[in-house]
Amino acid sequence: MAYPERFSNLPEYAFPRLRALLDSSEPGGEVMHMTIGEPKHAFPDFVARIIAENVDGFGSYPPNEGSPELRAAISAWLGRRYGVTVDPETQIMALNGTREGLFNAALALCNEAKNGQRPVVLTPNPFYQVYAVAAAAVGAEPVFVPADAGNGFLPDYASLPAEVLDRTAIAYLCSPSNPQGAIASREYWETLIALAEKHDFRVFADECYSEIYRDEAPVGALQVARDMGADPNRVVIFHSLSKRSNLPGLRSGFVAGGADDIVRIKRLRAYAGAPLPLPLQRVAEQVWADEAHVEENRRLYREKFALADQIFDGVPGYQAPQAGFFLWLPVADSEEAAMKLWLETGVRVLPGAYLAREVNGQNPGKGFVRVALVAPITEMQRGLIRLRDCLYR
């Protein structure tokens, strides 16, 4: 039986690859998982109560685009956080986790051709892997643009040839970035949005880590686009409660942008989406309205950042992340380093090569491992010290 070719060149996903690499060998110490970005801080204590109060909602089909109350709560949060006015009726749709939105928005908005040619989807390299799958699903050519220390871990899309930019339909940008924790400045966003205006493509701004930062709150793409007077449909933003509120299992996020874009995303969602159950939408309404737990969450991560800086002080090439909750640590070879760490200490980290693609013989993730700072701080400290002593001494 034949199978489609469009996904035939996808590598195994990062975590199955990691299991294949490590699980045939015995760990060299207490197993410590520092691979996946699954938040472990406490989520708001009112979550269980709201689910219980609305449990009857599991007996009804939920509204596809999100309840009016949820969309209003999201709109209000966008106003408080970024100072932007976003119509909850026409410019916001609730998501069953932002990975769904990052994928389906490409299906809804990517042209079949651009200037008579195969469209291009621009992706930072390394990157969140759904970007590449979305490009494959719409038949676009993925162009992987290095995001390395030389450019502040943010892709230099402006350096691409005009013929590539003229074929570009979508440019993905994650800020703060996964895995490096780099923040796109206002100037960076202005350059990218101006480039999108000039070459007529959309910017998909993945801002899932926007509320975990060390110093100043990251500027938002929609905020910058508004200030520039850009086409309202030029920028589509994606946010989540997974990181902001330590609720990865809630599967609650949203997409927002121009009304013309959102109506097309909603139309596709009506056929192919899976809306969030109504009791969980009621939870999300309240979580978006509450900032106290977000501030506490950020305080805990700041403590972790400071501790990591102490532990890796003097390690050649160490760069403290600006935001997010990963360390992007330099090594000679990411797979070899992950295996050595597992065999000698029992600490599991993710090879950076699994988060990137090889382009012109170079994989920009090969020289790094990604370490998630999600465990309780004392456990995290033990893991980081074991990692440091194994790989850097």
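User: Where is Gln-117 found?
Analyst: Gln-117 sits in the loop between helix H4 (98-109) and strand S3 (120-125). Helices (H or I, at least four residues) and strands (E, at least two) are DSSP runs numbered from the N terminus. This is a predicted model, where local features need pLDDT of at least 70, side-chain atom pairs count only at pLDDT 80 or more, and totals for chains, interfaces and linings use all residues. Residues are numbered from 1 along each chain as its sequence is written, and side-chain values use heavy atoms, with hydrogens and water left out.

User: How far apart are Gln-117 and Ala-140 in space?
Analyst: They are 9.9 Å apart, C-alpha to C-alpha, and 23 residues apart in sequence.

User: Switching to Arg-71. Which helix is the place of Arg-71?
Analyst: Arg-71 is in helix H3 (residues 68-82). Arg-71 counts as buried because its relative accessibility is 3%.

User: What does Arg-71 touch?
Analyst: Not counting residues up to four places away in sequence, Arg-71 touches Glu-65, Gly-66, Pro-88, Glu-89 and Ile-92. Contact here means heavy atoms within 4.5 Å. For Pro-88, a polar atom of the Arg-71 side chain lies 2.8 Å from the backbone oxygen.

User: Now the helices. At what angle do H12 and H14 pack?
Analyst: Helix H12 (residues 292-311) and H14 pack at about 25 degrees, with their axes 10 Å apart. That makes H12 roughly parallel to H14. Axes are lines fitted to C-alpha atoms, for helices over the stretch in contact, and angles run from 0 to 180 degrees between N-to-C directions. Angles under 35 degrees count as roughly parallel, over 145 as roughly antiparallel, 65 to 115 as roughly perpendicular and the rest as oblique.

User: Which residues of H12 and H14 make the contact?
Analyst: From H12, Glu-303, Lys-304, Leu-307, Ala-308 and Ile-311; from H14, Ile-377, Met-380, Gln-381, Leu-384, Ile-385 and Arg-388.

User: And H13 with H14, at what angle do the axes cross?
Analyst: The axes of helix H13 (residues 334-345) and helix H14 (residues 377-391) come within 10 Å and cross at roughly 115 degrees. H13 is therefore roughly perpendicular to H14.

User: Which residues in H13 and H14 meet?
Analyst: Ala-337, Lys-340, Leu-341, Glu-344 and Thr-345 in H13 meet Arg-386, Leu-387, Cys-390 and Leu-391 in H14.

Note on methods
Buried means under 20% relative accessible area, exposed over 50%, partly exposed in between (1.4 Å probe, protein chains only). A polar contact is a pair of N or O atoms within 3.5 Å; within protein, one must be able to donate a hydrogen and the other to accept it, and residues adjacent in sequence count only if both atoms are side-chain atoms.
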